[in-house]
Amino acid sequence: MSARDDVLSRIRKAVAGAEPAEDVPRDYRASYDVGNVVDHFADMVADYKATVRRVGRVDLAAVVAEEVGGRRVGVPAGLPTEWYAGIDAVVDAPPLSIPELDQLDGAVTGARLGIAETGTIVLDGGGRSGRRAITLVPDWHLCIVEASQVVGSVPQAVMTLEPRVPITFISGPSATSDIELNRVEGVHGPRTLNVLIVDD
Amino acid sequence: MTDHPTRTTALPWPRRHSTPFPQAAKIKLADTQLRRNLRKATTTIRAKRAAVVGELPDWEELREAARATKAATLRELDVHLLRLEESVTAAGGKVHWARDGAEANAMVAAIARGHGVDEVVKIKSLTTDEIDLNVALAEQGITAWETDLAELIVQLGHDESSHILVPAIHKNRSEIQQIFTDSGLDPASDSPADLAGAARRYLRERFLRAKVGVSGANFAIADTGSVVVVESEGNGRMCLTLPEVLVTVMGIEKVLPTWQDLEVFLQVLPRSSTGERMNPYTSIWTGVAAGDGPQEFHLILLDNGRTRALADEIGRQALQCIRCSACLNVCPVYERVGGHAYGSVYPGPIGAIITPLLQGMHGSESLPYASSLCGACYEVCPVKIDIPTVLVHLRDESVQSHTRPTVNDVAFRSLAWIFGDRRRYEKAQQLGKLGTPFGSVFRPWSASRGPLAVAPQSFRAWWQENHR
């Protein structure tokens with residue numbers, strides 16, 4: 001008997017005669033009513049020791065240039081070019097190699113969603129979010145979230161997302177509390193996370 | 001208790017040593033540094049958890065949904081696993097089935113060898129700890145680099161994990177600095193930031209050159225074939241993104257039926273585990289994505305005693321566990337003795353039930369007694385595992401498993417005989433000292449329990465005299 005058949009037959013034997021599967025009650029909140037979800041998102045992101053700036057759309061390129069400063073940054077091919085018009089960015093097309101990414105000082109990307117209740121940014125591996133390595137190898141990440149992309153709750157985000165692409169939830173910069181439970185921000189991924197929220 | 005700090009032969013079970021819990025606990029209780037570390041750690045995480053759980057007005061509804069989802073999934077586990085296999089395969093992944101740890105370890109080694117590598121990078125994974133994957137790979141000449149900071153400390157110190165979430169909680173900063181320096185890392189000081197910085201420099205080169213990554217899984221979605229890993233440091237993202245080949249070893253109980261189920265578990269897990277609204281990084285991938293991440297993905301579905309646990313009507317709820325470690329942090333026993341005393345990869349209240357359920361009672365007889373049955377673990381469990389009830393059930397199993405009655409068995413049977421009949425009970429009260437006949441003989445029981453102070457007159461005798 002193959003391991004597969006063996007495991008399946010053990011499972012069937014183990015639950016034979018048990019009560020039928022129960023229905024799952026979903027009485028929890030689907031949405032999150034907090035008044036202004038964008039304000040709340042900004043507060044929650046800042047709570048993770050990420051820096052948050054609110055910018056008007058007309059000022060976006062200037063603010064991006066200011067944030068980037070002298071850094072050499074990579075951008076996803078799908079990032080709107082007018083967002084980074086003020087800087088000389090390295091576009092990830094053709095895809096940059098890992099050593100090339102390692103030579104960058106940072107990355108500027110968009111996002112797929114923001115979740116207000118948890119202060120989470122969701123990247124979906126394509127378009128303006130970029131493939132995963134871009135927001136992972138460089139040490140600095142500037143993430144641009146449009147106010148209209150912010151949803152209230154985790155259920156609202158899960159409902160919106162398309163599962164078939166690589167998805168990354170980011171809630172603050174990488175962190176560890178492994179040594180005496182003292183929190184240290186910045187271990188492997190980007191040690192600094194800056195978030196721009198674009199208000200229309 | 002690290003009986004096997006430098007094991008050279010894999011132990012494909014959660015249990016790491018067979019020192020009975022009372023003896024192991026006694027040694028650990030004498031370690032004042034350990035007790036200080038544990039008290040600080042558990043107190044801190046308890047407070048963080050309570051604060052973020054308190055933010056959610058629907059916490060109880062989320063717990064109930066999480067529990068019901070897991071219970072319903074376990075009832076039809078075969079169906080969900082087959083669906084998962086189909087979805088992962090359709091998305092370009094390859095699914096393998098392993099009856100036990102030895103089979104799973106052999107599969108990982110074969111995949112690594114097939115790609116001609118002598119090293120893999122690893123994400124912290126209790127399941128691969130359970131099957132002792134690193135030792136099995138070492139036997140094949142393959143080095144497994146642990147990349148989680150705490151796991152790295154444990155690995156470089158030839159030590160064993162003592163907490164599900166923070167495995168090196170028994171070490172303080174100066175001990176960690178020493179371990180790092182002895183292993184050729186270059187921490188500038190013993191500050192946590194400098195120690196983390198040294199680990200970053202040490203591991204970065206290994207991440208960037210790795211061809212094969214190995215992970216566990218927090219969840220896998222049957223409907224879509226998506227696999228989920230939650231983490232904090234970014235080492236997980238490195239292992240899941242940069243290598244050409246990814247191998248995920250997953251216990252069969254980790255499957256969830258639908259994508260929607262994530263909306264529950266991504267809320268209850270981080271709040272219960274690290275006490276955060278959300279952990280820094282959650283990675284979700286579905287098979288292989290062209291041009292993004294590993295282009296070869298293997299998912300190994302591991303039994304290793306899970307179907308044994310599933311067959312236990314009362315014990316099967318332990319398979320609902322999402323490894324958050326909230327039960328460790330509230331347990332008065334864990335807080336005092338730490339993880340090593342349990343002698344298992346799975347310590348604390350959940351370890352006391354999951355270890356014997358996965359492995360069988362042999363060698364784990366003392367674990368179901370490593371509890372005062374106070375019930376704090378049940379109250380915080382995000383999937384509502386009734387740990388006290390399972391502990392009592394396993395105590396019964398432990399007694400039933402004795403081929404010859406132990407001293408304790410005889411004592412309790414005698415007490416049952418006395419308590420079972422009014423006249424015998426009153427007679428025993430007249431004898432005055434119920435505990436006495438057992439006290440001297442049954443040292444293991446009486447050593448940690450004082451004799452009952454017996455009133456000169458029993459209540460029953462007093463009642464007879466005054467109310468008749």
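# Briefing: sheets, cores and helix packing

Strand β7(A) and strand β12 of chain A, residues 192-199, run parallel and are joined by 7 bridges. This pairing belongs to a predicted model.

**Strand β7 of chain A**

- β7(A) spans residues 140-146 and is mostly covered, with 7 of its 7 residues buried.
- In a regular strand, side chains alternate between the two faces of the sheet.
- From β7(A), W140(A), L142(A), I144(A) and E146(A) point one way, while H141(A), C143(A) and V145(A) point the other way; all are buried.

**The open sheet of chain B**

- In chain B, 6 strands in the order β1-β10-β7-β4-β2-β3 make up an open sheet with parallel pairing.
- From one strand to the next, the twist averages 25 degrees.
- Within this chain, β2 (residues 119-122) and β4 (residues 212-215) of chain B are parallel and joined by 2 bridges, and V121(B) is placed opposite G213(B) of β4(B).
- Helix α5 of chain B, residues 101-114, packs on the sheet and touches β1, β2, β4, β7 (245-251) and β10 (296-302) of chain B. The direction of α5 makes about 145 degrees with that of β1(B).

**Nonpolar cores**

- The largest nonpolar core contains 143 residues, and F180(B), L262(B) and I353(B) have the most contacts inside it.
- Helix α10 of chain B (residues 192-209) supplies the largest share of this core, 7 residues.
- A second, separate core has 21 residues, including A112(B), V120(B), I142(B) and I300(B).
- Leaving aside residues up to four places away in sequence, F180(B) touches several residues, among them L149(B), L152(B), I153(B), L156(B) and L195(B).

**A helix pair in chain B**

- Helices α3 (residues 59-75) and α12 (residues 262-273) of chain B have axes that come within 10 Å and cross at roughly 110 degrees; α3(B) and α12(B) are therefore roughly perpendicular.
- The crossing of α3(B) past α12(B) is left-handed.
- The residues of α3(B) that meet α12(B) include W59(B), L62(B) and K70(B), and those on the α12(B) side include F265(B), V268(B) and R271(B).

Notes: Residues are numbered from 1 along each chain as its sequence is written. Chains are lettered from A and ligands numbered from 1 in the order in which they are written. This is a predicted model: local features need pLDDT of at least 70, side-chain atom pairs count only at pLDDT 80 or more; totals for chains, interfaces and linings use all residues. Side-chain values use heavy atoms; hydrogens and water are left out. A nonpolar core is a set of buried Ala, Val, Leu, Ile, Met, Phe, Trp, Tyr and Cys residues joined through side-chain atoms within 4.5 Å. Buried means under 20% relative accessible area, exposed over 50%, partly exposed in between (1.4 Å probe, protein chains only). Helices (H or I, at least four residues) and strands (E, at least two) are DSSP runs, numbered from the N terminus. Contact means heavy atoms within 4.5 Å. Two strands pair if DSSP finds at least two bridges between them. Axes are lines fitted to C-alpha atoms, for helices over the stretch in contact, and angles run from 0 to 180 degrees between N-to-C directions. Angles under 35 degrees count as roughly parallel, over 145 as roughly antiparallel, 65 to 115 as roughly perpendicular and the rest as oblique. A crossing is left-handed if the near helix is turned anticlockwise from the far one by less than a right angle, and right-handed if clockwise.
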